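Here is a short briefing on one protein chain. Please keep the sequence and the structure open while reading.

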Amino acid sequence: MKVLKFGGTSVGSAQRMKDIAAFISDGTPKIVVLSAMSGTTNSLVEISDYLYKKNQEGATELISKLSAKYLGVIEELYRTETFKRKAQEAINLQFNHIRSCVKDMFTQFEEKEILAQGELFSTHMMHYYLLETGVKSVLLPALDYMRTDKNAEPDTVHIKEKLLELLKNNEGADLYITQGYICRNANGEIDNLERGGSDYTASLVGAAVQAGEIQIWTDIDGMHNNDPRIIDKTAPVRQLSFDEAAELAYFGAKILHPTCILPAKLNNIPVRLLNTMQPDAPGTTISNETEQGKIKAVAAKENITAIKIKSGRMLLATGFLRKIFEIFEKYHTPVDMVTTSEVGVSLTIDNNRNLDHIIAGLKRYGAVTIDRDMMIICVVGDMKWENVGFAVQIIEAMKDIPVRMISFGGSNYNVSLLIKTSDKKKALQALSDQLFNNQP
């Protein structure tokens, strides 16, 4: 069985839903994971923001506006009054639940209940549309099987047990429709897998059922070798290893959530990134296979702060680095890049929430210098040190751009460079020209 996930733009209108329904209804059983319709989650976040600010009038106005939008989509989606009424009843029930949260005491619990409605909207509408077209569709409520543990990590044992039980109780269906993103926490409360969590849902579901393949459908033809929003000439990467894909996702490739492919990797299930606008395009296949001797892609991560600690006490000393990193651990701040010399350490972070406390702690050990408005450019591929010439090509591309830090050797798949954010377009274009566009 395959698991297919469709993002918000793929189900962003009545016509898109019809197109997806026709595409997935080919007679082979599948589990289909749906995100909320594009724009819905942002609207639900805005409604929650009004309620936190105790602006019930503003929240109610937005709820009515969103409800009218969905009722309009229902009018366009269904051709029979029977299924139009079923969908209206389901959607109205959910909007009544949102309206029940419009009260003086609004907490994170109510917010997460509101945010869960987007995926419930899209899956109910798709389920009823499939039934109307004669497809044997079963709705698998994610809240009945998707759960996190006390550490807010997916409870994979629970997920597998409950999901397989649901599938067994609904054998013989053509399609199984379920929600991405939403789950319950260890206390049974409605929660979510954070933004991008629909990809994670698909990977967790695929691992639980030992799927033959997981497909992530978006509005772009796979993972590109550079950012197509910035660089004119980019091309899809047809094959990536899980490690290469994880590096690209972590360092800014927006098409994939950084954590979503880990369950697939651990269960050796290939993941394909495909384009709903061009369903015949091959997209990108991610697997445990690595193509030798190739540079695959470039990604960029902004909002980086560089911190340099310089101290003569570091020379020939033991325990110095431990003391430095304990400060970051104390303030729950991950470090991205690290370079060292005899008397100094430079590193980067992407979370400045506790920066003042971190700086105060670091000043006990040396002089501290901060560089803000920086970004990391990540070059990904088969970057083993034995591959002669790869590092030279990267440095050659950056010859006219100031580079604050370089990280090479920490991974067999990644070379990272720290530059000023203002040099982003120039750097990405230079790397594309050197690494990809000059190749035959």
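**Salt bridges, an open sheet and a helix**

Arg 404 counts as partly exposed, at 26% relative accessibility (buried is under 20% relative accessible area, exposed over 50%, partly exposed in between; 1.4 Å probe, protein chains only). This is a predicted model: local features need pLDDT of at least 70, side-chain atom pairs count only at pLDDT 80 or more, and totals for chains, interfaces and linings use all residues. Residues are numbered from 1 along each chain as its sequence is written, and side-chain values use heavy atoms, with hydrogens and water left out.

**Salt bridges**

- The side chain of Arg 404 meets that of Asp 371 in a salt bridge, 2.8 Å from N to O (a side-chain nitrogen of Lys or Arg within 4 Å of a carboxyl oxygen of Asp or Glu).
- The pair links distant parts of the chain, 33 residues apart: Arg 404 lies in the loop between α13 and β15 (405–408), Asp 371 in strand β14. Helices (H or I, at least four residues) and strands (E, at least two) are DSSP runs, numbered from the N terminus.
- Asp 371 is partly exposed, at 25% relative accessible area.
- Asp 336 and Lys 301 form a salt bridge at 3.3 Å, N to O. Their positions are 35 residues apart, with Asp 336 in the loop between α11 (320–330) and β12 (338–340) and Lys 301 in strand β11.
- Asp 336 counts as buried at 17%, and Lys 301 counts as buried at 10%.
- The count comes to 23 salt bridges.

**Thr 348**

- Thr 348 sits in strand β13 (residues 344–349). Its relative accessible area is 0%, so Thr 348 is buried.
- Its side chain reaches the backbone nitrogen of Met 337 at 3.1 Å.
- Residues touched by Thr 348 include Asp 336, Met 337, Ile 376 and Leu 418, not counting residues up to four places away in sequence (contact means heavy atoms within 4.5 Å).

**Open sheet**

- Eight strands form an open sheet with mixed pairing, in the order β3-β4-β2-β1-β7-β9-β10-β8 (two strands pair if DSSP finds at least two bridges between them).
- The edge strands, β3 (137–140) and β8 (239–241), each pair on one side only.
- Strands β1 (residues 2–6) and β7 (residues 213–218) pair in the parallel sense over five bridges. Lys 2 stands opposite Glu 213 in β7.

**Helix α14**

- Helix α14 (residues 424–437) has 14 residues.
- Its buried residues include Ala 427, Leu 431 and Phe 436.
- Among the elements covering the buried residues are β11 (295–310) and α13 (390–397).

Conventions:
Polar contact = N/O pair within 3.5 Å; in protein donor to acceptor, adjacent residues only side chain to side chain. Expected span 1.5 Å × (residues − 1).
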